[in-house]
Every structure is written in structure tokens, then in C-alpha cells.
Amino acid sequence: MMQRKNMVWKERMSEYWMIGLLLFLIAVFSYISPVFATRGNLSNFLRSIPVLGIATLGVAMLMISGGIDLSCGAITACAGTMAAYLAVYGCHPVVCVAAGILCGGAWGLLNGFLITRFELKPFIVTVGSNYMIRGLTQMITGGVLIGGLPGWFYRISNTNLFGGMIYSNFLIFLALGAAVVLVMKYTIFGRCCYAVGASKKASGLAGIRVNSHLLKVYFIEGALAGIAGVILMSYLNVGASSEAMGLEAYAIAAVIIGGIRFEGGTGGMERAFLGLLIIEIFKNGMAVAGLNTYGQQAVTGLMILAAIVMDYFRKKKEESV
């Protein structure tokens with residue numbers, strides 16, 4: 001009983017720490033640049049969250065299950081470019097969006113199949129997939145931007161709903177976020193994710209079909225990356241195979257900052273959302289403060305390394321209890 005109370009207290013302290021960091025970042029960037037706290041920047045901030053946010057939902061679910069995907073950004077670019085390509089050629093909106101989502105899901109399923117069927121390391125498989133998917137997408141498109149998209153495609157992300165502050169892409173993200181939280185907290189599938197992440201062997205002995213479950217998780221993660229791709233290309237109003245570079249690194253950093261470990265089995269989607277906010281506020285604040293692209297990359301890389309170090313010390317602390 002006492003141990004459980006200590007764990008609850010530690011989780012709450014971790015959440016308070018993240019909220020404190022959020023408030024600290026907001027205060028610092030507001031002081032550095034008066035533009036940061038303006039209505040216009042808040043609107044831009046809310047419009048920029050959904051792509052990384054939707055990708056982070058899938059990565060969080062996957063990492064809780066003990067997996068990882070370093071091809072998430074490439075899948076996002078491929079799926080979004082496919083949807084844009086079909087839209088330009090006059091396909092029905094439902095067909096275009098569905099094709100983008102299924103494209104992402106298919107790549108995720110391929111990753112899952114290679115990992116489970118041949119017992120390969122997720123890190124190695126998805127690094128290879130990242131280069132393959134990105135290369136194929138750029139080869140097919142010739143690296144050329146796909147323009148001339150129909151109006152309906154642009155409106156997927158850019159429909160103004162609440163006085164110039166909230167756009168359709170943000171509501172899509174909120175709806176998907178709520179659905180994933182409910183699935184992870186209140187369904188057998190969600191409980192299986194935690195069980196498989198904690199111990200594949202024990203899960204198998206308990207009757208869980210581990211490989212089948214992991215295939216489903218990789219498919220869902222890929223499908224969410226596909227949705228992120230459609231949202232991204234709609235937001236940009238162009239099909240661009242070179243987009244979403246480094247998206248997977250940001251998503252993994254957000255998840256780790258939120259308290260989900262590389263090994264899986266622990267963490268909550270709500271805390272992953274806090275990690276996402278920290279990453280996005282950091283990125284937005286650096287841009288508003290006028291830090292050039294190279295400086296932003298350096299600082300972002302430092303933040304990702306800090307997240308990995310945090311995960312290491314969190315693991316050591318848990319092992320010592």
C-alpha cells in the first residue's frame with residue numbers, strides 16, 4: 001500500500017515538473033519576444049501542433065508496447081504525397097484520404113511483419129524503412145512538388161472554425177487524441193499494449209498473441225502517421241516528398257519527456273501530450289525569438305539528447321527501488 005502511494009506521488013511530481021517547465025518556457029519566451037504571447041502567434045501555434053501531435057499519438061502507443069519507429073516521418077511524407085497526387089488527378093475526396101491513411105498503415109504493417117516474423121530489432125528495421133520509403137517517394141515524384149490541389153483538399157486542415165483561432169486540423173487532432181486516450185485506458189487492447197511492453201514472455205504465457213498484437217499496433221501507428229501526412233500536405237496545400245524530415249525524432253522526444261520509457265510498459269497518453277506541448281512551445285519560441293534554422297536544429301538536438309538522458313536516469317531510479 002505504501003509503495004503504491006509512493007508511485008502515485010512520484011507520478012504526480014513528474015506531472016507537476018512538466019507543467020512547471022511549460023510555464024517557465026512560456027514566461028521566458030514571452031520575455032524574450034513580445035510576439036510570443038500574441039493572439040496571432042497562439043493561432044499559428046495551434047495550427048502547427050496537429051501534424052507532430054497525431055504522429056506522437058502513434059509513437060506513444062507503439063513505445064508503450066515496447067516498439068519504436070524511426071520511419072514515421074518518411075511514412076508521413078509518403079502518405080500525404082499519395083493523397084495529394086490522387087487529389088490532383090480528380091479522385092473522390094474519400095478515396096484520396098483513405099488511400100493516404102491505408103498507405104501509412106501498410107508501411108507500418110510491413111515494419112511490424114519484418115520485426116515479428118524474423119525477430120529483428122525495431123531500431124534497425126525502421127532505420128532501413130525510413131531510407132527506403134523516403135527514397136521511393138522522391139523517386140516516384142522526381143522530388144518535384146505536387147501543386148494545383150483542389151479546394152477541398154486545402155480545407156481539410158485550413159477551415160477556420162472559431163474566429164481565426166481554431167482550425168479544422170486542430171479539432172481533428174483533439175478527436176484522435178481523445179479516441180487514443182480512451183482506447184489505451186479503458187479497453188482490452190490498451191491493457192494488452194502495456195502488458196506486451198512490460199514483458200512479451202509473460203504476455204504470451206497469459207494468453208496474449210504478442211506478434212498479432214504488435215502487428216495491429218504497428219498498423220495503427222502507420223495509419224496515424226498517414227493521417228498526419230494528409231493533414232500536413234493539406235496545411236501546406238502542396239504534395240512534398242521532402243517534408244516531415246526529423247518528425248520521428250521530435251515525436252520520440254515528446255514521448256520520452258512525457259515519461260514513456262524506451263523499454264515500454266509504462267507511461268500515459270496524457271503525459272505524452274504534455275511532452276508534446278513542451279516540444280512545440282520550445283520550437284515556436286525559438287522561431288519567434290529569431291534563432292536561425294541551424295541554431296534551432298542544434299538546440300532541438302540538445303533537447304532530444306536531454307530526453308534520452310532523462311529516460312536513462314528514470315530507468316536507473318526505478319531499478320533501485
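## The model

This is a predicted model. Keep that in mind throughout.

## How H2 packs on H7

Two packed helices are described by the angle between their axes and the distance between the axes. Helix H2 spans residues 39-64. Helix H7 spans residues 168-186. The two pack at an angle of about 20 degrees, and their axes lie 8 Å apart. Angles under 35 degrees count as roughly parallel, so H2 is roughly parallel to H7. The crossing of H2 past H7 is left-handed.

From H2, the residues in contact include Leu46, Ile49, Pro50, Ile54, Leu57 and Met61. Arg47 and Gly53 of H2 also take part. On the H7 side, the partners include Phe170, Ile172, Phe173, Leu176, Val180 and Met184. Asn169 and Gly177 of H7 are there too. Sorted by class, the contact has 13 nonpolar, three polar and one charged residues.

## A salt bridge between helices

Side chains of opposite charge can pair when their charged atoms come close. The whole structure holds three salt bridges. One of them joins Lys185 and Glu270, with 3.3 Å from N to O. Lys185 sits in helix H7, and Glu270 sits in helix H12, residues 269-288. The pair therefore ties together parts that are 85 residues apart in sequence.

## Two other salt bridges

Glu263 and Arg261 form another salt bridge, at 3.4 Å from N to O. Glu263 has 33% relative accessibility and counts as partly exposed. Arg261 has 13% and counts as buried. The cut-off for buried is under 20%.

Lys283 is partly exposed, with a relative accessible area of 26%. Glu280 is buried, at 3% relative accessibility.

Technical notes. Residues are numbered from 1 along each chain as its sequence is written. This is a predicted model: local features need pLDDT of at least 70, side-chain atom pairs count only at pLDDT 80 or more; totals for chains, interfaces and linings use all residues. Side-chain values use heavy atoms; hydrogens and water are left out. Axes are lines fitted to C-alpha atoms, for helices over the stretch in contact, and angles run from 0 to 180 degrees between N-to-C directions. Helices (H or I, at least four residues) and strands (E, at least two) are DSSP runs, numbered from the N terminus. Angles under 35 degrees count as roughly parallel, over 145 as roughly antiparallel, 65 to 115 as roughly perpendicular and the rest as oblique. A crossing is left-handed if the near helix is turned anticlockwise from the far one by less than a right angle, and right-handed if clockwise. Contact means heavy atoms within 4.5 Å. Ala, Val, Leu, Ile, Met, Phe, Trp, Tyr, Cys and Pro count as nonpolar, Asp, Glu, Lys and Arg as charged, and the others, Gly among them, as polar. A salt bridge is a side-chain nitrogen of Lys or Arg within 4 Å of a carboxyl oxygen of Asp or Glu. Buried means under 20% relative accessible area, exposed over 50%, partly exposed in between (1.4 Å probe, protein chains only).
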